[in-house]
Amino acid sequence: MIRINKTYSAKNVEKNLNIGYNDIIIKIKVGEKMINLILSGNEKVFDGALTELISITNKIKEPINCYILTMEVTRIKKEYTAIKDEQIDFLNKVVKTKNADNKITKIDVTDLYEKEFGKCKNENAYCTPYTLLRLFIDLIPNMPEKILYLDIDMMANKDISELYNTDITEYEYAAVREKYGSKIIRPDYINAGMLLINMNKIKETKLLEKARNLIKTKKLIFADQDAIFWSTTKKKLLPRKYNEQAFFNKKSTVICHFCKRMLWFPYPHTENYKQWQIEEVHKVLKCHTFDDDLEEYVKWKEEYQNSKEHILTQS
């Protein structure tokens with residue numbers, strides 16, 4: 001069973017309909033273009049979702065329709081709890097200050113995950129099992145025909161509609177090459193942190209069905225990313241600016257990805273600082289590109305914390 005806490009249909013606006021009932025006028029917008037997004041994670045991704053959604057909604061003109069996939073799998077780790085309804089409500093509050101038509105919807109896929117991937121070969125892969133949840137989107141009813149999947153550690157530097165409006169009619173998805181994998185695995189190897197998905201095409205080719213089968217039957221180094229790549233029939237490769245994985249201050253960047261980096265000096269090591277780790281973003285990554293967004297994040301986070309404390313004192 002898939003649990004959706006609040007369902008909002010994505011609609012296009014061509015006109016306003018006025019419906020009168022007992023002297024109350026309800027305005028219904030129909031037909032306005034929506035930017036459909038999908039994120040995933042547990043309760044701990046709240047900071048990532050908040051920072052990312054602030055950066056997106058601060059720069060986009062169209063309303064966003066964002067789904068957040070989550071699940072409860074505390075049998076694996078005690079912190080693997082589903083994102084809370086109160087967190088979703090707060091995210092909705094934030095994005096609606098930018099555009100009243102913006103909306104966030106939580107989709108709990110716990111049962112689906114346990115049925116498909118419970119105790120599978122890749123459950124304890126390089127990343128959390130929440131990265132596997134994108135492989136279920138073809139099984140979730142009423143998903144839009146076109147949807148943009150984004151990892152939780154991304155920030156928008158420009159209006160993402162530039163990316164969203166890419167024509168992928170003949171492709172299963174559009175993606176950017178992986179900074180390391182394209183050099184050591186295959187030149188067209190992708191980073192699956194950003195996927196612009198053609199739902200009709202992936203259902204036609206059964207891309208995600210094939211990917212799920214790989215996850216269940218074969219141990220993969222990069223789990224979901226490998227499964228998607230090796231199950232692909234036809235993809236569109238996009239410029240690096242749509243998933244910049246190494247440079248955090250490039251003016252041309254549309255989406256910046258705060259993913260793990262390999263550094264060779266003064267000795268070989270990795271760095272993995274996320275956008276909400278503001279001190280490290282400033283001091284280590286030397287990135288000030290998102291200062292306005294992060295300053296707003298700090299204010300909203302303080303409000304969220306205060307509201308939680310208020311609830312606790314009242315209980």
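**Close-up views of a predicted model**

**View 1. Lys 119 lies in the loop that links helix H3 (110-117) to strand S7 (146-150).** Helices (H or I, at least four residues) and strands (E, at least two) are DSSP runs, numbered from the N terminus. The model is predicted: local features need pLDDT of at least 70 and side-chain atom pairs pLDDT 80 or more, while totals for chains, interfaces and linings use all residues. Residues are numbered from 1 along each chain as its sequence is written, and side-chain values use heavy atoms, leaving out hydrogens and water. Lys 119 has a positive phi, near 60°, although it is not a glycine. Its relative accessible area is 69%, so Lys 119 is exposed (over 50%; buried is under 20%, partly exposed in between; 1.4 Å probe, protein chains only).

**View 2. Lys 286 occupies the loop between helix H9 (278-283) and helix H10 (291-314).** Lys 286, also a residue other than glycine, has a positive phi near 55°. With a relative accessible area of 55%, Lys 286 is exposed.

**View 3. Asp 108 belongs to strand S6 (residues 103-108).** Asp 108 counts as buried because its relative accessibility is 9%.

**View 4. Helix H1 (residues 46-57) packs with helix H2 (residues 85-96).** The angle is about 15° and the axes are 10 Å apart; axes are lines fitted to C-alpha atoms over the stretch in contact, and angles run from 0 to 180 degrees between N-to-C directions. H1 and H2 are therefore roughly parallel to each other (under 35 degrees; over 145 is roughly antiparallel, 65 to 115 roughly perpendicular, the rest oblique). Residues of H1 that meet H2, with heavy atoms within 4.5 Å, include Phe 46, Leu 50 and Ile 54. Among their counterparts in H2 are Phe 90, Leu 91 and Val 94.
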